[in-house]
Amino acid sequence: MKKPIIMLGGLLLLSTLVWYGCEKNTLPATETTNPFAINNITASHPSTSMVVDNLNGPLTTNEISSFKTYMSGVSAPDHNDQNIWVFGNSGKQIEACGLMYDATSDQAILDRMIYFCDAALAGRNDLASAANGGQRTVWTGNIEPVWPSSAAGVSPAQAGVEPGDVISHMALCAKLILQHSALWNTNVSTGDPHGYGATYKARALKYIQEGDYVIDNWLVPRFVRSTDHLIYFPGSPNTYKPNEPAPWNQLFMVTNAMVRLIQCHLILADAASRVSQYDTIVQANVNWFKANTTANTSASGTACWKWAYQLPSGVEDSNHAAYDSEGMYIAYDSGRYGITLTDMTKLANTYFDIVLATVTGGIYAGRVDGTTGSGNSGGDDYVRDEYLYLTDIRQDKYFTAGNIEISTNKIASSPQITARLLWIKNRRYQAGDGDVYLYQNCNYAGWKATFDPGNFLMADIVAKGGVNDDASSIKIPPGMKVVLYTSNNYGGTAVTLTADDACLSDHSINDMVSSLKVTVLP
């Protein structure tokens with residue numbers, strides 16, 4: 001049985017709003033002899049930094065408390081324009097809090113998520129006062145339920161499908177509340193400054209109601225074609241990509257919102273016709289994306305995909321492909337749209353075996369075909385947070401991605417990267433991934449001894465529940481290497497394994513293991 005995650009409460013400290021975007025980070029890696037240790041990673045921040053103590057095992061008190069302390073000092077933005085709740089830190093910080101709450105059930109983290117969701121909703125153009133940046137006329141000639149993508153003062157204001165991403169954040173918060181029914185009738189700890197509902201359930205229902213409202217009054221009538229349910233931009237008076245298909249990254253912002261709202265309505269067992277409507281739209285657009293990928297093969301021989309930023313032609317850049325990957329993962333994880341593990345593996349292979357495998361001057365490829373350009377296709381020296389979901393598909397790349405984030409010093413000051421990494425770490429721990437299991441009998445039967453990365457003598461094997469010269473099978477997770485020795489102190493015959501072995505007799509080491517070493521593959 002897994003050990004319980006330790007959750008820390010307590011007073012949260014204040015600091016200041018941090019900025020994190022698409023900048024190149026050239027800070028050196030922290031040196032360590034332990035491939036999982038991230039000792040005292042720091043970055044430029046007024047008072048506090050987040051930490052990841054290791055990439056294996058349960059979440060630690062230090063990891064949880066450092067995230068809470070850090071987020072307590074991050075404030076909602078002072079404006080709601082230019083997609084600040086979409087591509088900016090603010091929306092990503094809602095996601096970060098949601099993932100950390102999902103991993104810990106720590107109510108203080110949920111309260112911080114609600115703080116950001118309340119601020120986002122209060123900043124919606126039709127709800128905010130003119131003095132607070134709202135009531136702007138958009139290209140339709142009306143004051144619409146959107147978060148304008150253009151800067152303050154631009155008239156008419158521009159708005160597209162990006163509001164779907166803001167809805168997606170709030171729907172995630174609502175879903176997490178609904179999944180914890182013990183909270184439903186409890187008053188939100190931080191109060192109700194906007195009148196959105198005193199209890200947690202009331203707050204969740206408000207987010208769902210307003211998300212459905214934006215879909216009904218903006219996204220569906222303006223951007224979803226009635227003939228085939230595909231997401232297109234309208235013609236005049238819209239001036240942004242008139243009559244063109246939505247770029248994939250923007251399309252997935254809409255599907256993310258609908259998938260999460262569906263999950264909320266399913267928990268509530270209501271709105272069956274709405275669930276059907278959203279399902280139809282999501283399915284059509286997921287199918288559309290898959291139909292417009294072309295087969296590609298990495299240098300290592302893995303099956304990959306290539307696709308455009310926007311139909312009909314071109315090659316997607318690794319910036320926007322992060323959102324494509326996130327959208328496909330959210331739809332895949334819902335289990336509703338026929339996305340197969342093979343589909344997701346091709347997507348993950350594209351990133352890990354082409355983008356990350358193509359390095360020029362310390363920069364990974366800027367496009368999904370391994371080429372690099374400029375601007376959005378200029379490449380990165382780190383792993384964008386959305387791609388971390390793909391380590392749930394290519395588990396052998398979890399440590400690779402995690403160590404890239406460590407070496408570029410993203411842990412200290414990027415909540416979105418830190419939270420996604422810790423969420424995956426917890427998911428792996430709960431599933432038993434990342435541990436090596438040595439068994440008494442072939443086919444994984446008999447006594448079982450569990451090993452994290454490290455070196456283990458005969459006495460260590462016994463202390464972990466094993467028996468000297470008695471092991472007959474082993475399970476090794478992706479990305480790990482085990483060296484088995486026939487003698488204590490790492491002597492005698494050595495056998496190196498990187499995958500499960502149901503019977504060690506095929507390596508002539510059955511009932512002969514007396515010590516072993518467990519490491520992470522580079």
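## Helices α2 and α4

In this predicted model, helix α2 (residues 89-104) packs against helix α4 (residues 163-178) at an angle of about 20°, and their axes sit 9 Å apart. Angles under 35 degrees count as roughly parallel, and α2 and α4 are therefore roughly parallel to each other. Their crossing is left-handed.

So who does the touching? On the α2 side, the contact is made by Gly91, Ile94, Glu95, Gly98, Tyr101 and Asp102, while α4 brings in Ser168, His169, Leu172 and Leu176. Sort the residues of this contact by type and you get four nonpolar, four polar and two charged. As a reminder, an α-helix has 3.6 residues a turn, so residues three or four places apart point the same way.

## The disulfide

If you're thinking about cysteines, a search of the whole structure turns up one disulfide. Cys442 and Cys503 form it, with their sulfur atoms 2.0 Å apart. The link of Cys442 and Cys503 is right-handed, with 45° about the S-S bond. Cys442 sits in the loop between β5 (436-441) and β6 (445-451), and Cys503 in the loop between β10 (491-497) and β11 (515-520), so the pair ties together parts that are 61 residues apart in sequence.

How accessible are the two partners? Cys442 has 25% relative accessibility, so it counts as partly exposed. Cys503 is partly exposed as well, with a relative accessible area of 23%.

## Cysteines away from the link

What about Cys264? The closest cysteine sulfur to the sulfur of Cys264 belongs to Cys173, and at 9.3 Å that is too far for a bond. A disulfide here needs sulfur atoms within 2.5 Å. Cys264 also counts as buried, because its relative accessibility is 0%. Cys304 is buried too, with a relative accessible area of 2%.

## Helix α10

Helix α10 (residues 398-407) is largely enclosed by the rest of the structure, because seven of its 10 residues are buried. Which ones are they? The buried residues of α10 are Tyr398, Phe399, Ala401, Gly402, Ile404, Glu405 and Ile406. Note that Glu405, an acidic residue by name, is on that buried list.

After α10 comes Asn409, whose phi is positive, near 65°.

Note on methods: Residues numbered from 1 in each chain as written. Predicted model: local features only at pLDDT ≥ 70, side-chain atom pairs only at ≥ 80, totals over all residues. Heavy atoms only, no water. Axes fitted to C-alpha atoms, helices over the stretch in contact; angles between N-to-C directions. Helix = DSSP H or I, 4+ residues; strand = E, 2+ residues; numbered from the N terminus. Parallel < 35°, antiparallel > 145°, perpendicular 65-115°, else oblique. Left-handed = near helix turned anticlockwise from the far one by under 90°. Contact = heavy atoms within 4.5 Å. Nonpolar A, V, L, I, M, F, W, Y, C, P; charged D, E, K, R; others polar. Buried < 20%, exposed > 50% of the residue type's maximum accessible area, 1.4 Å probe, protein only.
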